[in-house]
Amino acid sequence: MAALPVLALLLLLCWGGPQAAGQKRKEVVLSEKVNQLMEWAGKRSVIRMNGDKFRRFVKAPPRNYSVIVMFTALQPHRQCVVCKQADEEYQILANSWRYSSAFTNKIFFAMVDFDEGSDVFQMLNMNSAPTFINFPAKGKPKRGDTYELQVRGFAAEQLARWVADRTDVNIRVIRPPNYAGPLMLGLLLGVISGLVYLRGSNLDFLYNKTGWAFVALCFVLAMTSGQMWNHIRGPPYAHKNPHTGQMSYIHGSSQAQFVAETHIVLLFNGGVTLGMVFLHEAATSDMDVGKRKIMCIAGIGLVVVFFSWLLSVFRSKYHGYPYRYVSS
């Protein structure tokens, strides 16, 4: 009976020894992986990965850190304009995290280019780029760990909100200074000052109603077409179907839009507005009757055609809308 405690102790040591050794080895491997990632992050905010690095540092356990991976195709022969635009925003986000005071080894930003890691694309059954996926510290990526690029756009601020939602890491996006706005404002003020100086004795042009109306109309058309939404969300210019190669310039959802769609809507709104101006001039001008009739017909034609196209865009985004005007 006295030998039973000794036997139990020996069994416990035999069982716990391999477990402890395995746990120690995992800790060593994890420490090596984290140190290597920190070294790479110190040199470049976005770590470039090929297939081997991806499998070792992202897919293989152990891992106590999250990795945000951008799958892209940046080589010129791929002709992925959206990839370049998204990469610029992604770099801004990664730099904002790397150089913030809250930077830790809890999260890393990485990139897999198709020409450097096509095997990774095949492994994940991925056939489009750019794509952002969060690989959490524990478990496999869930549905929400794939960023909805078509809905949210690729602006760094939108990506930061998604990262905070998936990892609880809040990143304050800091953009590099952009001097284009102040330069354009200075140029505009310079032109206005020059005009005032050259025509100091005759400032009637400042009271030109037509000029001010044209400026106001351009501003209204730009805002109603969605330019401010583009500035905030940073959507892609258009979308190319990876299977058919077909380009889409109108987004199929009412919750998003492409930059090209903004230009199309602006053109259609401008056509309707021009038609209304023609109709107004035909009704109020002092021209002869023949010219007024021609202007009236042209105005009606512009309003009918462009409003019909505008309604067609609306129908394509709000599926099930039953009404149409001239064209479908």
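**Note on salt bridges, sheet and helices**

1. Asp115 is partly exposed, with a relative accessible area of 35%. On the scale used here, buried means under 20% relative accessible area, exposed means over 50%, and partly exposed lies in between, with a 1.4 Å probe and protein chains only. The model is predicted, so local features need pLDDT of at least 70 and side-chain atom pairs count only at pLDDT 80 or more, while totals for chains, interfaces and linings use all residues. Residues are numbered from 1 along each chain as its sequence is written, and side-chain values use heavy atoms, with hydrogens and water left out.

2. The side chain of Asp115 forms a salt bridge with that of Arg78, at 2.9 Å from N to O. Asp115 sits in the loop between β3 and α4, and Arg78 in the loop between β2 and α3, so the pair ties together parts that are 37 residues apart in sequence. Arg78 is also partly exposed, at 37% relative accessibility. A salt bridge here is a side-chain nitrogen of Lys or Arg within 4 Å of a carboxyl oxygen of Asp or Glu. Helices (H or I, at least four residues) and strands (E, at least two) are DSSP runs, numbered from the N terminus.

3. By the salt-bridge rule the count comes to ten. One of them joins Asp119 and Arg55 at 3.1 Å, N to O. Asp119 belongs to helix α4 (residues 118–123) and Arg55 to helix α2, 64 residues apart. Both count as partly exposed: Asp119 has a relative accessible area of 30%, and Arg55 has 32%. Asp52, Arg55 and Asp119 are linked in a network of salt bridges.

4. A further salt bridge is made by the side chains of Arg175 and Glu89, at 2.6 Å from N to O. Arg175 is in the loop between α6 (156–167) and α7 (180–198), whereas Glu89 is in helix α3, 86 residues apart. Are these two residues buried or partly exposed? Arg175 is partly exposed at 38%, but Glu89 is buried at 14%.

5. Four strands make an open sheet in the order β1-β3-β2-β4, with mixed pairing. Strands β1 (46–48) and β4 (131–135) are at the edges with a single partner strand each, so one side of each has no neighbour in the sheet. Neighbouring strands are turned by 30° against each other on average, direction ignored. Two strands count as paired if DSSP finds at least two bridges between them. Strand β1 runs parallel to β3 (residues 107–113), joined by three bridges. The bridge partner of Val46 in β3 is Phe109.

6. Two helices lie across β1, β2, β3 and β4: α2 (residues 51–59), at about 150° to β2 (66–72), and α3 (residues 81–98), at about 160° to β3. Axes are lines fitted to C-alpha atoms, for helices over the stretch in contact (heavy atoms within 4.5 Å). Angles run from 0 to 180 degrees between N-to-C directions.

7. The protein chain has eleven helices and six strands. Of its 328 residues, 32% count as buried.

8. The unreviewed UniProt entry places the feature "transmembrane region" at residues 179–198, 210–229, 264–282 and 294–314. Such positions use the numbering given here, feature names are shortened, and annotations may be inferred rather than shown by experiment. In the model, residues 264–282 are 100% helix, with end C-alpha atoms 27 Å apart. Residues 294–314 are 100% helix, with end C-alpha atoms 30 Å apart.
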